Amino acid sequence: MIELLNVKKSFGDKPIIKGVDIVMESSKCNLIIGSSGSGKTVLTKCIVGLFTPEEGHIKYDGQDIVSMPLEEKKELRQRIGMLFQGSALFDSMTVEQNVLFPLEMFSGKSYNERKKRADEVLARVNLLEAKNKYPAEISGGMKKRVGIARAIVLNPKYLFCDEPNSGLDPQTSLLIDKLIKEITVEYDMTTVVVTHDMNSVMEIGDHIIYMYQGQKQWEGSNKEIIYSDDKLLNDFIFASDFLQDAKKMRQIEDKRKGLAQ
Ligand SMILES: Nc1ncnc2c1ncn2[C@@H]1O[C@H](COP(=O)(O)OP(=O)(O)OP(=O)(O)O)[C@@H](O)[C@H]1O
């Protein structure tokens, strides 16, 4: 669980994050959404300890990263997996070497144990057969899966994904979303996804945090979003007539199935 209590962050005299409270539970995909400039990146950097907030607390299963000594922070960071926007693979390394890298840096495991663990996670993301290929030889979706394998290879308790679907077609995006959702439950991780992808919101949004001008404007699940009457959220999510119609259709369908809220 990651808990934010009254987190505030400014640059100079400009407040960017204006007192945010969030509880993110384990085994859940927590999505941070909001328009450009709403503070998603700054908030995420505060959560992972890259920025220090002026006020507030950010607790990882009770441990406050804001006041934590550097040594403990380093230790905590090893329990955090990161999936970066462009996958951020090393081009000169094979798929397997990319996944072995965090194990070599941080695990203290023997050579055979490292190879075994890398194979396990590569098998989990269905990439065992591509392990000797270089990033330039695989597709964008495969690169994301290598990024996911590398992010989970140290068995993290927390997973951060920055725009996991950027540059992917809708079908591949769906596969990546499903994979993130599945591993979140399998590894009992607290997953935080920063996204602009509304399909992801509806597909894996166990807990959606909608940021507006540095504040948490709305939070709820992908089911609750269909019934929210928050105007700012509605204008953001269901921006087009097509999506407004899709929302109404979904409400009618839910009513027919007796699932309406
Ligand atoms: N290092 C910094 N110094 C000063 N201002 C910053 C810094 N980083 C971000 N900001 C400002 O903080 C505000 C929020 O930026 P942030 O990058 O968090 O938005 P975002 O919601 O992630 O946007 P996007 O969706 O475009 O990535 C912006 O006004 C930005 O200019």
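**Entry 1: record and model.** UniProt positions are given in the numbering used here, feature names are shortened, and annotations may be inferred rather than shown by experiment. With that noted, I looked up the record: the unreviewed UniProt entry carries the annotation "domain: ABC transporter" over residues 2–238. I worked on a predicted model, in which local features need pLDDT of at least 70 and side-chain atom pairs count only at pLDDT 80 or more, while totals for chains, interfaces and linings use all residues. Residues are numbered from 1 along each chain as its sequence is written. I took helices (H or I, at least four residues) and strands (E, at least two) as DSSP runs, numbered from the N terminus. For residues 2–238 I noted 38% helix and 26% strand, with the end C-alpha atoms 29 Å apart.

**Entry 2: the four-stranded sheet.** I counted two strands as paired if DSSP finds at least two bridges between them. Strands pair through backbone hydrogen bonds, either parallel or antiparallel. I traced an open, antiparallel sheet of four strands in the order E2-E1-E4-E5. Its edges are E2 (14–24) and E5 (63–64), each of which pairs on one side only. I found eight bridges between the antiparallel strands E1 and E2, and Val7 has Val20 in E2 as its bridge partner. The hairpin of E1 and E2 has two residues between the strands, and Gly12 there takes a positive phi near 60 degrees. E1 (residues 2–11) is also joined to E4 (residues 55–60), again antiparallel, by five bridges. Across this pairing I located Ile2 opposite Tyr60 in E4 and Lys8 opposite Glu55 in E4.

**Entry 3: the six-stranded sheet.** I read the order of this open sheet as E6-E7-E8-E3-E9-E10, with mixed pairing. E6 (80–83) and E10 (215–220) are the edge strands, each pairing on one side only. The twist averages 20 degrees from one strand to the next. E9 (residues 207–212) runs antiparallel to E10 and is joined to E10 by five bridges; Tyr212 stands opposite Gln215 in E10.

**Entry 4: helix H1.** I took residues as in contact if their C-beta atoms, placed from the backbone, lie within 7 Å. Axes are lines fitted to C-alpha atoms, for helices over the stretch in contact, and angles run from 0 to 180 degrees between N-to-C directions. I found H1 (residues 40–47) lying across E1, E2 and E4, at about 60 degrees to E2. H1 also lies across E3 (28–33), E7 (158–162), E8 (190–194) and E9, running at about 155 degrees to E8.

**Entry 5: helices H5 and H6.** I noted that H5 (residues 140–152) and H6 (residues 170–186) pack at about 15 degrees, with their axes 10 Å apart. H5 and H6 are therefore roughly parallel (angles under 35 degrees count as such). Gly141, Lys144, Arg145, Ile148 and Ile152 of H5 make the contact with Thr172, Leu175, Ile176, Leu179 and Ile183 of H6. I sorted these contact residues into six nonpolar, two polar and two charged. Here Ala, Val, Leu, Ile, Met, Phe, Trp, Tyr, Cys and Pro count as nonpolar, Asp, Glu, Lys and Arg as charged, and the others, Gly among them, as polar.

Methods
Two residues are in contact if their C-beta atoms, placed from the backbone, lie within 7 Å. Angles under 35 degrees count as roughly parallel, over 145 as roughly antiparallel, 65 to 115 as roughly perpendicular and the rest as oblique.
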